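Hi everyone, thanks for making time today. I'd like to walk you through a structure that may be new to you, so let's bring it up on the screen.

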Amino acid sequence: MTNRMRQLRPRDAALFLAVAAVVAVLGVMIGRELGIGGQATATLEQVSVDSGVAEATAAADVRDATPEANPDANETDGGTFRDPAESAESQDAASALSLRLSAPDICETDHGFYGSGIGETPVAWEVTGGKAPHFLEIDGEIRDASRRLYAGPRGIASVSCALETGEVRYWDAENSYRVLDGDYVVDSGLKTIRAVVTDADGRTGEATVDVYVILSTGRHEHLLRGGHTYRVFGTLITIPSGIDMRISTAETGDFGYDYQRIKVEGSDAAVWFDLDGFAEVSRETPEVEAATSGVSHGTDFDQLFDALTRSVGQLPTFNTQSE
C-alpha cells in the first residue's frame, strides 16, 4: 500500500473522529442501560457521602469530648454543659439534709398536778433533702403523747410547754398525756425547742424555734419573776425587772368586790388590785432597809408599780433569739 493510501486526508480524519465520538456515546448509554457504568458511579458517590458522614461524626465526637475547646457545643438539650465533678457537687447540695421548725409565739399553761395537765404547743416541721425515711427527736422526745412517732418529711409535733421537762412518762393508754417527773420546770419564760432529724443514711440536721411560755397562776407558792409575764387570776401582768413578786392576801370589800394583794419578795412593798377588772386599788411603798435580801436599798417602788399597772392585759414582748 502506498504512502498516499496510508495517509488520511484531513476530511477523512475529521470524519473518523466524529464516528469515534458517536461510538463512545453509544457505549456509555448502552452501559448505563445494562447497569455497568451507573453502578460504578453510584458506588463512588456513596463512598463520598459515607466518608463525609464519618468525618462529621468524628468531628462531633471531638467537640463533645472537649467542650472547653468548643464553647458552642456546651448547650445540650436546652441546658448548659456541666462538668461531671460539678454535677456531683450539685447533687450533693440538692440532697443536703435540712430541717425547719415553726410554732406559735405564745404557749399558756398551768403547773398541773404532779406535772400532769400541763399545756402543750404544736410545732410544725419540714425536712428537705436527705434520704427517706426521716425520723425526728423534738424537745427530747421521738413521739407525742398519743405515741405517734415523729417521722416523715413534714408533720406537727405536740410539745410540752414546760421550760424543763425532766423525766417524761405517759399516764396510760386511754388518757394519753405527759406526766413530768424529776427536775421539771413550769414557769413563764422563753422556751427554745430543739429538734434533730436523722435520715436513712445516718445524716443529721437540726433546728430550733422559740416559744414564750406564760404561766397561769393564782397560787402563793409561785414566785413571779421580774421581767416575765404571767396570767394572774385570768389577767396578764408583767413583773418589772429588778424585783420578784408573790401573790399574797385576798380580801373582800364592802360591796362584795375581791381585792388581791401582790407583794414584792423580800419587802413589805405591795400593790392591791381589784379582781373585777384588775384595776389598781392601792399600793404600799415602805422604805427598804439596807439589809433586806433581794431588794436594793432606795428602790423606787412607785416607778415599778406604775410599770406593773401599765402592763395589765398586755402580751409579753420578747426577743425570739435570746431571753
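Let me start at one residue, leucine 149. This is a predicted model, and in it leucine 149 is partly exposed, with a relative accessible area of 49%. Where does leucine 149 sit? Its place is in the loop between β6, residues 135-138, and β7, residues 154-160.

Now let's step back to the whole chain. There are 323 residues, and 29% of them count as buried. The accessible surface comes to about 19,900 Å², with 53% of that belonging to carbon and sulfur atoms. For secondary structure, we have five helices and 18 strands. And if you take contacts between residues at least 6 apart in sequence, 52% of them join residues at least 24 apart.

Which strands does β13 pair with? One of its partners is β11, residues 204-217, in the parallel sense over three bridges. There, leucine 215 stands opposite tyrosine 230 of β13. Another is β14, residues 235-238, this time antiparallel and over four bridges. In that pairing, threonine 229 has threonine 238 of β14 as its bridge partner. The hairpin of β13 and β14 has two residues between the strands, and phenylalanine 233 takes a positive phi near 50 degrees there.

Notes
Residues numbered from 1 in each chain as written. Predicted model: local features only at pLDDT ≥ 70, side-chain atom pairs only at ≥ 80, totals over all residues. Heavy atoms only, no water. Buried < 20%, exposed > 50% of the residue type's maximum accessible area, 1.4 Å probe, protein only. Contact = heavy atoms within 4.5 Å. Areas by Shrake-Rupley, 256 points an atom, 1.4 Å probe, with all protein chains shown as cover. Pairing = 2+ DSSP bridges.
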